[in-house]
Amino acid sequence: MGTKPASLSVIAKKADIKRTTAYNYISSLLEQGLLSKSVVGKRIVYTAEKPNKLSILLEERKVVLDKLLPDLQNLYNTISQQPRVEFYEGKKGIEIVYKKIFATTKIIYAIFSPERAFKVFTKEENEQFFTLLYKNGGLIYDLLEEIHP
């Protein structure tokens with residue numbers, strides 16, 4: 001036994017919502033094929049489709065999702081490989097940055113002031129950073145600030 005057809009006014013009243021709100025919901029349900037619309041006399045009435053229509057609709061959406069998922073995953077991977085901005089403060093922050101950079105196996109180009117660098121890190125600490133870089137197969141090319149006496 002199916003559901004009884006009802007007008008927009010009756011549906012709004014039973015759902016305890018405004019008629020305009022009911023119209024928006026009904027439009028959406030019609031688009032999804034969960035309601036059907038017919039004319040009885042001079043009135044438009046709506047009838048709910050069989051509940052198994054929800055399963056069919058869900059399965060259709062799953063098929064679409066399964067087709068889109070590889071592209072979405074590729075997009076996610078591309079975005080997750082985008083550069084990130086991180087902030088570090090103080091000597092500890094600089095040390096973290098150095099360790100991240102020097103753990104690379106890529107070539108690093110650096111511009112720095114040895115005078116300022118040695119005010120922050122000792123010669124031994126700097127040697128540890130460079131040892132880490134070279135141990136991982138990385139190279140560094142420095143452009144040094146000229147020191148004037």
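How do H4 and H6 lie relative to each other, roughly parallel or roughly perpendicular? The axes of H4 and H6 cross at roughly 25 degrees and come within 8 Å, and the two helices are therefore roughly parallel to each other. On this scale, angles under 35 degrees count as roughly parallel, over 145 as roughly antiparallel, 65 to 115 as roughly perpendicular and the rest as oblique.

Before going further, here is how to read the values. This is a predicted model, in which local features need pLDDT of at least 70 and side-chain atom pairs count only at pLDDT 80 or more, while totals for chains, interfaces and linings use all residues. Residues are numbered from 1 along each chain as its sequence is written, and side-chain values use heavy atoms, with hydrogens and water left out.

## Two helix pairs

Two packed helices are described by the angle between their axes and the distance between the axes. The axes are lines fitted to C-alpha atoms, for helices over the stretch in contact, and angles run from 0 to 180 degrees between N-to-C directions. Helices (H or I, at least four residues) and strands (E, at least two) are DSSP runs, numbered from the N terminus.

In the pair that opened this report, H4 brings Lys91, Glu95, Tyr98, Lys99 and Phe102 to meet Glu125, Asn126, Phe129, Phe130, Leu132 and Leu133 in H6. Contact here means heavy atoms within 4.5 Å. By class, this contact has six nonpolar, one polar and four charged residues. Ala, Val, Leu, Ile, Met, Phe, Trp, Tyr, Cys and Pro count as nonpolar, Asp, Glu, Lys and Arg as charged, and the others, Gly among them, as polar.

The other pair is H1 (residues 8-15) with H2 (residues 19-31), packed at an angle of about 105 degrees with axes 9 Å apart. That makes H1 roughly perpendicular to H2. On the H1 side you will find Leu8, Ser9, Ile11 and Ala12, which meet Arg19, Ala22, Tyr23 and Ile26 in H2. The contact of H1 with H2 divides into six nonpolar, one polar and one charged residues.

In the loop between H1 and H2 sits aspartate 16. Its phi is near 60 degrees, a positive value in a residue other than glycine. Most residues other than glycine have a negative phi.

## The largest pocket

Rolling a probe the size of a water molecule over the atoms shows where empty space is left. The largest pocket holds about 250 Å³ of space. A pocket is an open set of points on a 1 Å grid over the protein atoms alone, where a 1.4 Å probe fits, with protein on both sides within 12 Å along at least five of seven lines; lining residues have an atom within 4 Å of a point. Points are joined across faces, edges and corners, and the volume is the space filled by probe spheres set on them.

There are 15 lining residues, and Tyr98, Phe112, Phe130, Ile140 and Asp142 are the closest to the centre of the pocket. Helix H4 (90-102), strand S4 (107-112), helix H5 (114-120), helix H6 (123-135) and strand S5 (139-144) each give two or more residues to the lining. S4 gives the most, with four residues. The lining divides into 13 nonpolar, one polar and one charged residues.

## Buried and exposed residues

Buried means under 20% relative accessible area, exposed over 50%, and partly exposed in between (1.4 Å probe, protein chains only).

| Residue | Relative accessible area | Class |
|---|---|---|
| Phenylalanine 129 | 4% | buried |
| Serine 7 | 7% | buried |
| Threonine 47 | 16% | buried |
| Isoleucine 56 | 41% | partly exposed |
| Lysine 135 | 68% | exposed |
| Aspartate 16 | 71% | exposed |

Phenylalanine 129, in helix H6, touches Glu95, Tyr98, Lys99, Phe102 and Phe121. Serine 7 lies in strand S1 (residues 6-7) and touches Arg43, Ile44, Val45 and Tyr46. Threonine 47, in strand S3 (residues 43-48), is in contact with Thr3, Pro5, Leu34, Leu35 and Ser36.

Isoleucine 56, in helix H3 (residues 52-80), is separated by 66 Å from leucine 143, 87 residues apart along the chain. Phenylalanine 129 and leucine 65 are 48 Å apart in space and 64 residues apart in sequence.

Notes
Lists of a residue's contacts leave out its neighbours within four places in sequence.
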